[in-house]
Amino acid sequence: MSLSTKQSAQSGGQQSGRRFVYQDDELLDKGFDWHQVKRLGHYLKPYSKQILPVIGIMMVVGALTKLLNPLLIAYAIDHVLREGGSHYGDMTLLAQCVAAMLALYVIQWAANNYRIRFTNKIGQKVIYDLRHDLFRNIQSLSFRFFDKRPAGSILVRITNYVNSLQELFTNGVVNLMIDCVQLFGIVFILLFYNVKLGTAIIVTVPIMFLVSTKLRVMIRRSWQVVQTNQSRINAHLNECIQGIKVTQAFTQEKENMAFFEQMNTDNYKAWNRAASLNQAFHPIIEVTGAIGYCILFWFGAYLIQQQEITVGLLVAFATYIGHFWEPINRLGQMYSQMLIAMASSERIFEFIDERPSVAEAANAKILPTVQGNIELSQVEFEYEPGRPALKGINLNVKAGQSIALVGHTGSGKSTIINLLCRFYDISNGTITIDGHNVRDVSISSLRSQIGIVLQDTFIFSGTIRENIRFGRLDATDEEVEFTAKAVRAHDFIMQLPQGYDTEVQERGSMLSMGQRQLISFARALLADPRILILDEATASIDTETELKIQEALKTLLAGRTSFIIAHRLSTIRGADKIVVLEHGVIKEQGTHEELMREMGIYHGLIQAQYRFLREVG
Ligand SMILES: Nc1ncnc2c1ncn2[C@@H]1O[C@H](COP(=O)(O)OP(=O)(O)OP(=O)(O)O)[C@@H](O)[C@H]1O
C-alpha cells in the first residue's frame, strides 16, 4: 500500500471514530516496464495482420496531407503570390494548388474515419480477450485465493483496470506509431529544407515533451485520488444500502451521514484540485508552443534577411510546427496512458497468472460413480501456517451413513467439509472415497458427486425454476417440479405470483429463510449426488416450516452418505454417527445413546441445549 493510500485509509478510520474502514485498492503508480508492454503486445498479435495495413495506409495518407500541404502553401506564396515569382499572378495555378490541398484534406478525413472505425473494433476485441482470460482464470481459482481478497478488489480488476486499457488499445497503439512516423517525416523535411532553422525548432521539442509529460503525470495522479475517493464512497453506499435495516433499527443514520459528509468533502476537494490542474494544462502547453513560434519567427526573419530561406518556406515551417506539437502533445498523453496501462496490466496479469492452490494431478483419473464409503486418515490441515485447524482426524464412514458434525464454534466442522470437496488440500494424511484418494481424481468428477447445501443458501437472480435447475442443467421441467414436490417446496412455489417462473430478486430477498432452504434442497436433490453435505441453518423458523424441512431432509438424505453440520436436536439424534470436534480434534464419536452414556462433551452440549430450550420455553 502506498503512503498516500495508508493515510487515506487511516483518515477514513479516524473520521468514523469507530466503524467504517475501507481498504482502498492501491494507487496505480508504476514506471515504464517493457515486460508489461511485451505481454500487452501479445494480445495484439492475433490482429497484427489487420493492423499493419492500416498503419501503412495511414502513414502514406499522413505523409500526403501533413507533409505535402505546407509545401504546396510555400510553393503558392513563393511562385504565385510573391512579386517576382516564376508564376506571379497565375490564378489558375493558385486554384490548382488550393484544389490539391482540398483533395488532400478529403483523403485525410476519409482515412481517419476508416482508422477510427477499425481501431475501435480491434481495441474491443483485445479487451474482450483480456476479460475472457481474466474471468476464466478467476473462476478456476481455489478458496484460498478468495479468502485473501475482498470481492470489491476482484471486481475492480475485471471492470476498471480492464477499461483503463481500452483507450490504449482502441486508439493509443495505432496513433503512437502514426505519430512517430509523422514526427520523423516532419523532422526530416525541416532539416532537408534548412538545417539551421530546422535545428533551432527541434531544440524546443524536448522542453515541450518534458512539460507535457510531467503535467500529464501530475494530472493522472490527482484523478486517481478522485477515483480512490469515489470508490470509498461507493463502498460506503453499498454497505449502507445492504445494512439499511440494521442502521435504522439501531438509529445509526446520523453516524452514517457524518461519515458520508466527510468522504463527500474529501472527494469534492480532490476533484477541485484535479480539475484545476487539468485546466492549467492547455495554457501551459500553449505558452511552451508559443516559445517555439517565437524562435521560428525571430530566427526565420534573420535567415530571410540573409536570403537563406524564402517567406514561403517560413510559412511552411510555421505550419509544420503546428503539426509538430500535436503529435508531441499526444505522445505525452500516450506516455501517461501507458503508465496507467502498465499498472493496470500488472494487476490484471497477476490474476491471469495465478494458479489454483488446489491443483489437479497431471494424470488425474475420472472418479467412477461412487457408493459413498469415505475414509479420513490422520488428516492435518491449517489455513494459515502455524495455526492448525484440524489435527490427526481419523474417520470411517460407510456408504449411506449420515454423520452429524457437532462442536463449539471454530472447532473445525466446516473445515472437514471443505477438505472433502477439495476446496483446500490437506497438509498431511489421506482422504479416500471408495478407496480413491481425492488428490488422484479430477476435481470436477469429485465435486459432481458431492451435493452441498449451505446454511447461507445462495439464490441467484432468475426464476425459481432456474434456481432449482442449477443442480442439473439438463433437467426437464417435470424433473424440477418432481424434486420440488419431494422436498415439500411445491406448495409455496405455486402460491408465488408466477409459480416456478417467478423471478426471485437478488439473492432471493423476496423469499423467507425456510423457503430458500427448501429451494436449495430441491437443487441438491435434482443433482442426485451420492454424497451430500448439509450445513443446517441455525436461524429459528416457524414450527410448520421446521416440520416441512425435517420431512424434506428425510427425502434428501435417503440412501446417501451425508455429512451434516447439525444444530437441531432432531437431526443430531437421527444421525447414524455423531462426531464431536473440539479445537480441530475428534474428541468423541458414536450414536446418540452411546455418547450420552459416555457423559462427555456431547452429553454437556445436549444438556446445555435442553436447558436453553427449557428457559426459552
Ligand atoms: N478461510 C479461513 N482462513 C483462515 N482461518 C480460517 C478460515 N476458515 C476457518 N478458519 C479457522 O479455522 C478454524 C476452524 O474453522 P471452521 O470454520 O471449520 O469452524 P466451525 O466448527 O465450522 O465453526 P462454526 O460452527 O462457527 O461454523 C477456526 O479457528 C477458524 O478461525
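A crossing of two helices is left-handed if the near helix is turned anticlockwise from the far one by less than a right angle, and right-handed if clockwise. The legends below apply this term to a predicted model.

**Figure 1. Packing of helix 9 against helix 10 in the predicted model**. The crossing of these two helices is right-handed. Helix 9 spans residues 253–305 and helix 10 spans residues 311–353; their axes lie 10 Å apart and form an angle of about 160°. Because angles over 145 degrees count as roughly antiparallel, helix 9 is described as roughly antiparallel to helix 10. From helix 9, the contact is made by Ile285, Gly289, Gly292, Tyr293, Leu296, Gly300 and Ile304. Helix 10 contributes Val311, Leu314, Phe317, Ala318, Ile321, Trp325 and Asn329. By class, the residues of this contact comprise 10 nonpolar and 4 polar, with no charged residue.

**Figure 2. Residues around the ligand**. The shell consists of Asp147, Tyr383, Glu384, Ala389, Gly407, Thr409, Gly410, Ser411, Gly412, Lys413, Ser414 and Thr415. Two or more residues of the shell are given by each of strand 1 (374–384) and helix 11 (413–420). The largest share, 3 residues, comes from helix 11. In composition, the shell around the ligand divides into 7 polar, 3 charged and 2 nonpolar residues.

Figure 3. The C-alpha atom of asparagine 120 is separated by 7.2 Å from that of asparagine 171, although the two residues are 51 residues apart along the chain.

**Figure 4. Methionine 510 in a loop**. The loop that holds methionine 510 runs between strand 8 (503–504) and helix 16 (513–527). Methionine 510 counts as partly exposed because it has 15 C-beta neighbours inside 10 Å. When its neighbours within four places in sequence are left aside, methionine 510 is in contact with Val504 and Gln505.

**Figure 5. Overall context of the close-up views.** The protein contains 20 helices and 12 strands. Of its 617 residues, 30% count as buried. Among contacts between residues at least 6 apart in sequence, 78% join residues at least 24 apart.

Technical notes
Residues numbered from 1 in each chain as written. Predicted model: local features only at pLDDT ≥ 70, side-chain atom pairs only at ≥ 80, totals over all residues. Axes fitted to C-alpha atoms, helices over the stretch in contact; angles between N-to-C directions. Helix = DSSP H or I, 4+ residues; strand = E, 2+ residues; numbered from the N terminus. Parallel < 35°, antiparallel > 145°, perpendicular 65-115°, else oblique. Contact = placed C-beta atoms within 7 Å. Nonpolar A, V, L, I, M, F, W, Y, C, P; charged D, E, K, R; others polar. Near = placed C-beta within 6 Å. Buried ≥ 20, exposed ≤ 12 C-beta atoms within 10 Å, placed from the backbone.
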